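This report describes selected helix packing, side-chain contacts and aromatic pairs. Please read it alongside the sequence and the model shown below.

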Amino acid sequence: MGDEVDNPMYAPFFGAMGATASIVFSAMGAAYGTAKSGVGIAAMSVMRPELIMKCIIPVVMAGIIAIYGLVVSVLLAGKLVPAADGYSLFMGFVHLGAGLAVGLSGLAAGFAIGIVGDAGVRGTAQQPRLFVGMILILIFAEVLGLYGLIVAIYLYTKTSA
């Protein structure tokens with residue numbers, strides 16, 4: 001009787017949703033960042049085509065956000081087992097929290113990278129000295145996703161005892 005209370009049949013659902021939220025929200029942020037920055041690069045390259053490769057950095061940084069979500073999703077999916085095999089409700093909730101932490105912070109970081117990347121590459125085409133400032137702001141936006149990854153890994157280790 002105690003095992004059914006501690007490990008209900010629906011417990012792995014929360015873990016699966018954590019893995020799903022991790023990759024889905026991170027990929028949405030990365031996609032938005034890539035698309036928004038890509039539009040800026042396309043507009044900038046009409047005036048200054050020699051800057052295309054230099055200004056591709058926001059697109060690369062947006063792609064890294066999706067990698068954070070992928071890492072956490074793979075970790076969480078590796079821990080998923082049926083409730084009868086010991087997957088507790090606590091594990092499900094912690095895994096859901098880990099997935100949401102990296103996913104939603106990745107979504108926010110992707111939005112920030114997209115907006116800064118779009119405006120930054122357009123501005124760099126007009127004033128090349130703006131490039132360093134754009135890179136610094138992009139780093140601060142990227143680190144938001146990294147914070148989510150750190151919290152997610154910390155939560156994940158809480159269930160690895």
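Where is Glu 50 found? In this predicted model, Glu 50 lies in the loop between H2 and H3. The residue counts as exposed, because its relative accessibility is 53% and the cut-off for that class is over 50%. The side chain of Glu 50 makes a polar contact of 2.7 Å with the side chain of Arg 48. Ala 125 lies 75 residues from Glu 50 in sequence, and their C-alpha atoms are 9.7 Å apart in space.

**Helix packing**

Two packed helices are described by the angle between their axes and the distance between the axes.

| Helix pair | Angle between axes | Distance between axes |
|---|---|---|
| H2 (residues 11–47) and H3 (residues 57–79) | about 170° | 8 Å |
| H4 (residues 89–126) and H5 (residues 130–157) | roughly 175° | within 8 Å |
| H3 and H5 | roughly 0° | within 10 Å |

The axes of H2 and H3 form an angle of about 170°, so these two helices are roughly antiparallel to each other. The contact of H2 with H3 has 14 nonpolar, nine polar and no charged residues. On the H2 side, the contributing residues include Gly 18, Ala 19, Ser 22, Ala 30, Gly 33 and Ile 41; those they meet in H3 include Pro 58, Ala 62, Gly 69, Val 72 and Ser 73.

H4 and H5 cross at roughly 175°, and H4 is therefore roughly antiparallel to H5. Their contact has 21 nonpolar, ten polar and one charged residues by class.

For H3 and H5, the crossing angle is roughly 0°, so this pair is roughly parallel. Among the residues that make the contact are Ile 57, Met 61, Tyr 68, Leu 75 and Lys 79 of H3, together with Phe 131, Leu 138, Glu 142, Leu 149 and Tyr 156 of H5. By class, the contact of H3 with H5 divides into 19 nonpolar, one polar and two charged residues.

**Two buried serines**

Ser 22 has its place in helix H2. At 0% relative accessibility, Ser 22 counts as buried. If residues up to four places away in sequence are not counted, Ser 22 touches Gly 69, Val 72, Ser 73, Gly 99, Val 102 and Gly 103. Ser 22 is also one of the H2 residues at the contact with H3.

Is Ser 105 buried or exposed? Ser 105, in helix H4, is buried, with a relative accessible area of 15%. The side chain of Ser 105 reaches the backbone oxygen of Ala 101 at 2.7 Å. Leaving aside neighbours within four places in sequence, Ser 105 contacts Leu 100, Leu 144, Gly 145 and Gly 148.

**Aromatic pairs**

How many aromatic pairs does the structure hold? There are four aromatic pairs. In one of them, the rings of Tyr 10 and Phe 14 have centres 6.3 Å apart and planes at 75°, so the pair is edge-to-face. Phe 13 and Phe 14 also form an edge-to-face pair, with 5.6 Å from centre to centre and 75° between the planes. Ring pairs join Tyr 10, Phe 13, Phe 14 and Phe 93 into a cluster.

Note on methods
Residues are numbered from 1 along each chain as its sequence is written. This is a predicted model: local features need pLDDT of at least 70, side-chain atom pairs count only at pLDDT 80 or more; totals for chains, interfaces and linings use all residues. Side-chain values use heavy atoms; hydrogens and water are left out. Axes are lines fitted to C-alpha atoms, for helices over the stretch in contact, and angles run from 0 to 180 degrees between N-to-C directions. Helices (H or I, at least four residues) and strands (E, at least two) are DSSP runs, numbered from the N terminus. Angles under 35 degrees count as roughly parallel, over 145 as roughly antiparallel, 65 to 115 as roughly perpendicular and the rest as oblique. Contact means heavy atoms within 4.5 Å. Ala, Val, Leu, Ile, Met, Phe, Trp, Tyr, Cys and Pro count as nonpolar, Asp, Glu, Lys and Arg as charged, and the others, Gly among them, as polar. Buried means under 20% relative accessible area, exposed over 50%, partly exposed in between (1.4 Å probe, protein chains only). A polar contact is a pair of N or O atoms within 3.5 Å; within protein, one must be able to donate a hydrogen and the other to accept it, and residues adjacent in sequence count only if both atoms are side-chain atoms. Rings of Phe, Tyr and Trp (its six-membered ring) pair if their centres lie within 6.5 Å; planes under 30 degrees apart count as stacked, over 60 as edge-to-face and the rest as tilted.
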